[in-house]
Amino acid sequence: MMVSESFLDEQRNVGDTAADKLVAECFSGDQKSLLYQVFAQEDSFILKQGKSNSLYTFLNTRRPDPDWYQYDRIKNGQAFFKKYALDVMTLLGALSLPYCYAASPGNKALYQTEKMRKATGKRLVETADFIIKVLTPGSLAPQGIGYIQINKIRLIHAVARYYVSKGEWNKAWGIPINQEDMAGTNLAFSYIILVGLIRTGFRLSVNEQEDFLYAWRYIGYQLHINDALLPESKADAEILERKIRLRHFKPSEEGRKLTQELINHYKSYFPAVPAFFVDAQMRYLVGPEISNLLGMQREPIKDEFLKTMNAAKEMMNQFYSNERAYETMLANHEKLKQQFLK
């Protein structure tokens, strides 16, 4: 793993060469409509298309496994997700996303993506859908098809780079959705989730944590993130997370607006009581430093009450395991898909 300033600065000008080239060809040729169609197509349908054209060839091409590949560890990481699925997905929305919003200029690409700003619920469900599909046990097996979903994300990122870079984008920021920013997102969905689970009282073994990070290392590799930006251990993840945080976490208009739009979405969707506490819960999870960066002002009475309630739940989490966490999470997710992906 490399964390030097010069290397990270260099990675801010690197995207995904193959995906960017294909998207540029689609937009200049006759495959633009098909490009948007494949985003909604089922992975099983895409698999059947084989390599009938350049788009399906891209989607059906799996990057050769690296020399550090160990499928048993990926399988263990996916089993970990299944065990804690309900809490992992809750932390995704209340911790991982605000964490990403605090990083500037990376958050500028998120802000300038109109779908994120005008269809928050749809984007949240799509992000959750990706995570579920790549972490579902078996999806990354030698015969699994999780790589199709990964390649879709590569194309989605390339489309965003194509459009955002043509707008009000300062080249001094690097390129939109660059290698460093993708590595930071990978950390938000892996290492930061572990931080959140521990923060909320779960007792996680060392092996569980390392294997969950390993699964995300492999996902990051298939996303064509530079190997040098993929932590080999939790200790490496801590180093890279700290480095990126020191480099990029700062107050920004984009971070504040993205956070407020996320909170507004939850308040409009949740029942009255959870909706009332959603901002306090987010402050509790991300901590005072990031809360301040994101413009989330303290509400002492609400915050202290929630802190007391969380303490009781965290005590329960040390001893209680929800055996139906995965099934409950899937049921909740299907309801959201019906509402936001019609």
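Let's start with Phe81: leaving out residues up to four places away in sequence, Phe81 touches Val88, Met89, Ile131, Ile132, Leu135, Phe212, Tyr326 and Met329, where contact means heavy atoms within 4.5 Å. This is a predicted model, so local features need pLDDT of at least 70 and side-chain atom pairs count only at pLDDT 80 or more, while totals for chains, interfaces and linings use all residues. Residues are numbered from 1 along each chain as its sequence is written, and side-chain values use heavy atoms, with hydrogens and water left out.

Now the nonpolar cores, meaning sets of buried Ala, Val, Leu, Ile, Met, Phe, Trp, Tyr and Cys residues joined through side-chain atoms within 4.5 Å. Buried is under 20% relative accessible area, exposed over 50%, and partly exposed in between (1.4 Å probe, protein chains only).

| Core | Size | Residues, among them |
|---|---|---|
| Largest | 81 residues | Phe81, Met89, Phe130, Ile131, Leu197, Ile219 |
| Second, separate | 18 residues | Leu22, Phe27, Ile148, Val159 |

The residues named for the largest core are those with the most contacts inside it. Helix 7 (residues 85-101) gives that core its largest share, eleven residues. Helices here are DSSP runs (H or I, at least four residues), numbered from the N terminus.

On to helix 13 (residues 191-199), where Tyr191, Ile192, Ile193, Leu194, Gly196 and Leu197 are buried. Its buried residues pack against helix 6 (71-83), helix 7, helix 12, helix 14 (206-222) and helix 15 (234-248). Just after helix 13 comes Gly201, with a positive phi of about 100°.

Helix 12 (residues 179-189) holds Asp181, which is buried at a relative accessible area of 19%. Apart from neighbours within four places in sequence, Asp181 is in contact with Arg12 and Gly106.

Definitions and conventions. Helices (H or I, at least four residues) and strands (E, at least two) are DSSP runs, numbered from the N terminus.
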